Amino acid sequence: PCLTWLCCPIAEKTGKVLGEFCRCYKEQFGVALFNSVRYEIEGAGGPQAQLLHRKVPLEDHVIYSGNIFQYIEENKKWRNRFCVVPHNYGLVLYENKLAYERELPPRVLINSAGYKILTSVEQYLELVNNSLPGVTPKSGHSPILKCPTDFPLILWHPYARHYYFCVMTGKEQEKWRAVFQDCVRHCNNGISEDSKVEAPAFTDAIRMYRQSKEQYGTWDMLCGNETQVLSNLVMEELLPELRSAIGPRLKGKAPERQRTWIQVSDAVYRMVYELAKAQYDAAVARCEQERPQLESTIRTDMDQIITSKEHLASKIRAFVLPKAEVCVRNHVQPYISSILEALMTPTSQGFAEVREVFFKEVTDMNMNVVNEGGLEKLVEYMEKLSHLAFHPVKMQSCYEKMDQLKLEGLQQRFDVSSTSVFKQRAQIHMRQQMDDAVYTFETLLHQELGKLHGKDDLCKSIQRILERVLKKFDYDSSTVRKKFFREALLQITIPFLLKKLAPTCKGELAKFQELIFEDFASFILVENTYEEVVLQSVMKDIMQAVKEAAVQRKHNLYRDSMVMHNSDPNLHLLGEGLPIDWSEEYSGQPEAEPAAERRRRAKQVVSVIQDDEGTLPYGVAAEALLQPGSPEPREPEPHAGAPPSPLDAVKEIREALAQESLGDEEEERLMNGTDGSGAGEEGVLLAGGVTQPPARDGDGVPCATPASPVPAAEMPSGAGRQLCHPRGDNETGECSPPQPRGTTESGEGVQTEF
């Protein structure tokens, strides 16, 4: 869509929001730097973790790969794609498996932060209808999307482009849903926790900005990397204005207006992303430039800064605390136990399921190793076990426990827009605890292997190590959950208290500014100190509630007074060593495989999820069509078929798919109810109802439209960011209707999402 006339208003709005945010960020940067240096000098922390933590969990591994159908909006057709999920949890879509193995550029790259995974067209249509009020297809009219199977998978985003997939069976749908949810969960957690200054400065600046707009409580769109979060912040304010400006200009039937609106929103989102990235990067660079001088001042005047801050806090406490305590007593304290119980039940069930899955996997491995062949089988099973935490399907039973989280009426009382923030946080903790348990187990087992003789010794050693690791898991699980409960209770109650106290307290805070020495104004803020005082007013009640739950041994929580003495004093030293490569160390090969060859092989065949039920039907068809004698994918091939396979089963599948793909009725069904002319022949509906004709070359053939430029994602080396040469599906042996030589899937270049 042509948005030239909107560029100036969009840039102006983005500049205004980012200007205010960057002012907040600069203020919070100094505070975060002071807190970081103070923590470094004074030291603090809870009990030491008993389990080891893996430093590089999934280097050079693929989470999942397989075939899936994707709906191509540009030509309104469904196409078979080979989808790869690398260790960074991006979704990478290739023409087919051969294109992936030959390291050809992918068709699409997707960063799924902020997306929701929908498994029914009805859910999707409801969200689409709500996104553009007043535009709803009439009964009997074709909706914006039709799915050729009963098992769709739709990636929906409130601002960005939507992605449509489908599979053939319900079991496949559940598997892909688990994979996609893992991607969303990981990408949503895009702000690195390793950064002890930039990350807290950013999140605090976001909170302060939103509170300045009277927006308290949790925010669902605090997801993705910093620039994505800022883009969401701008779009939250810009979208209503955009809807009122563009909505009346949209022409055509309701589905066409909805489709155009989604395209407009996506184009604006990309524009905002680029503008936000430039301004934010500049703000960060300025802060980093000032950092050495600020840090020098902090280290030189640490005692004076602390004294000055305590003096300010005492004055604010005298003014705020009486009002805060009354508010806590009347509006918060009666509900703390209810909130805690609502959090504890699903979270503790999830962690218990993590323990059960780990126990079952190790026990099964132990039995299989004894029955099947000792050390050789152990290597094979340990390779699989080492990635258990990143197996979306096996971990799904743990993650599903959090779906029970319901805050009932408490959600409205405390202005919690959604529980998804707490669900995803708990699920990330579950995955981390599983990986810590697995890594500790394999480290201890690796240490023992040299001392073992025979299967019996190996079996007993595995059982003994499992029991030790489970004890450590129980202790760490209790520690992690108690911390999570405290943080969640604060996230729920503090915004509520700040909103309640704002009318009587916020206007009076300016008078405390004069108590801060000018030299220390970069490290002490009245607003932050006020929030700390409010936090202290409720912290005692929260700590007491969690402590009582532990004393009563609810959900297997340990008391704070219980300290597990380290029974393995050298264990943490073992964890500092090089990662264990079971296949390389115990494969019996005379010499190590070159690193480059190992990376190539890992990219092609290593997958955390192994499909035990054989290849998917469309996967078999793709392999059958891609015989060794087939031409290179980039060379045009006039015929869609290949020499028939000698295998009857493959032949039957190929014939069935050929009928599906080439039959007139089936083609019409897979084309989403359109006339099949494709985007290349229809043009694009612009604002104001103007239709732009498709670009054509000298021979009158529609030209491929390049993908709209979007921010580049951090993708693996094999997933290049350059535009790939458009190719017809038959050139790569894909099962789809043949197209004339010279035509392409118009507009389906690489879509790089952030």
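Q: Is Arg161 buried or exposed?
A: In this predicted model, Arg161 is buried, with a relative accessible area of 11%.

Q: Which side chain does Arg161 meet in a salt bridge?
A: That of Glu73, at 3.2 Å from N to O.

Q: How many salt bridges does the structure hold?
A: 30. One of them joins Lys277 and Asp281, at 3.4 Å from N to O.

Q: How many residues apart are Lys277 and Asp281 in helix α7?
A: Four, so about one helical turn separates them in helix α7 (residues 254-300). Lys277 is partly exposed at 34% relative accessibility, and Asp281 is partly exposed at 35%.

Q: Which residues are linked in a network of salt bridges?
A: Glu40, Glu198, Glu288, Arg291, Glu295 and Arg299.

Q: Switching to the largest nonpolar core: which residues touch the most other members?
A: Phe21, Tyr25, Phe180, Phe358, Met365 and Phe441, out of 166 residues in that core. Helix α8 (residues 302-372) gives the largest share, 25 residues. Domain 1 (1-44 + 59-301) and domain 2 (340-505 + 562-574) each supply at least three residues.

Q: And what does Phe441 touch, not counting residues up to four places away in sequence?
A: Phe358, Val362, Met365, Met382, Leu385, Ile462, Ile465, Leu466 and Val469.

Q: What other core lies apart from the largest one?
A: One of 15 residues, including Tyr71, Trp78, Ile154 and Trp156.

Technical notes: Residues are numbered from 1 along each chain as its sequence is written. This is a predicted model: local features need pLDDT of at least 70, side-chain atom pairs count only at pLDDT 80 or more; totals for chains, interfaces and linings use all residues. Side-chain values use heavy atoms; hydrogens and water are left out. A nonpolar core is a set of buried Ala, Val, Leu, Ile, Met, Phe, Trp, Tyr and Cys residues joined through side-chain atoms within 4.5 Å. Buried means under 20% relative accessible area, exposed over 50%, partly exposed in between (1.4 Å probe, protein chains only). Helices (H or I, at least four residues) and strands (E, at least two) are DSSP runs, numbered from the N terminus. Domain bounds come from an automatic or database domain assignment. Contact means heavy atoms within 4.5 Å. A salt bridge is a side-chain nitrogen of Lys or Arg within 4 Å of a carboxyl oxygen of Asp or Glu.
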